[in-house]
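Please look over the sequence and the structure shown below before reading on.

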Amino acid sequence: YWVYANSEIHERLGFFFPNFIKRRIELGIKTRVIVQHSKTTDIHKKTAKKENREIRFTDIKFESDVFIYGNKVAFINLTDENIIGILIENREVANTQRQVFNSLWKIAKP
């Protein structure tokens, strides 16, 4: 998984992540995350190795969250009262988002 996200995603979807992370680890799926510093993301940085995750930090506060996996890209917006998600399954869109992610990864801080 490649993820660039708003640091508040864990606060808004906290109920979802413990089981998701556990299952991802069981399946041996690695994750790379670009996110802004917060108390939660600093904790996740400390547990990154055992949770099969790499985290880099940016000063950008993303307004939406982007999850890239396989030929799919999930866009999630948590900034409004309503949670909105869009899933696109398209190889070219996924490859483009990976290019964006990799460009951000190079300039993000470990």
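Predicted model: local features only at pLDDT ≥ 70, side-chain atom pairs only at ≥ 80, totals over all residues.

Glutamate 26 forms a salt bridge with arginine 23, their closest N and O atoms lying 3.7 Å apart; the term salt bridge stands for a side-chain nitrogen of Lys or Arg within 4 Å of a carboxyl oxygen of Asp or Glu. Side chains of opposite charge can pair when their charged atoms come close. Both glutamate 26 and arginine 23 belong to helix 2 (residues 17-26), where they stand three residues apart, about one turn of the helix. Helices here are DSSP runs of H or I with at least four residues, strands are runs of E with at least two, and both are numbered from the N terminus. Glutamate 26 counts as exposed because its relative accessibility is 51%, whereas arginine 23, at 47%, is partly exposed.

Residues are numbered from 1 along each chain as its sequence is written, and side-chain values use heavy atoms, with hydrogens and water left out.

By the salt-bridge rule, the count comes to four. One of them joins the side chains of glutamate 51 and arginine 53, with 2.1 Å from N to O. Glutamate 51 counts as buried because its relative accessibility is 17%, and arginine 53 is buried as well, at 9%. Another salt bridge is formed by lysine 109 and aspartate 59, at 3.6 Å from N to O. Lysine 109 lies in the segment after helix 4 (91-107) and aspartate 59 in the loop between strand 3 (53-57) and strand 4 (65-69), so this pair ties together parts that are 50 residues apart in sequence. Lysine 109 is partly exposed at 48% relative accessibility, while aspartate 59 is exposed at 64%.

Helix 4 itself has 17 residues and reaches 25 Å from its first C-alpha to its last, close to the expected 24 Å, which is 1.5 Å times one less than the number of residues. Which residues of helix 4 are buried? They are Ala94, Gln97, Arg98, Phe101, Leu104 and Trp105. These residues cover an arc of only 125° around the axis, which puts them on the same side of helix 4; the arc is that of the directions from the helix axis to the C-beta atoms. The face turned away from this buried side carries the exposed residues Gln99, Lys106 and Ile107. Among the parts that cover the buried residues of helix 4 are strand 1 (2-5), strand 2 (31-35) and strand 5 (72-77).

The loop between strand 1 and helix 1 (9-12) holds asparagine 6, which is buried, with a relative accessible area of 7%. Leaving aside neighbours within four places in sequence, asparagine 6 is in contact (heavy atoms within 4.5 Å) with Val35, Lys61, Phe62, Ser64 and Asp65.

Isoleucine 84 lies in strand 6 (residues 84-89) and, at 42% relative accessibility, counts as partly exposed.

Definitions and conventions: Buried < 20%, exposed > 50% of the residue type's maximum accessible area, 1.4 Å probe, protein only.
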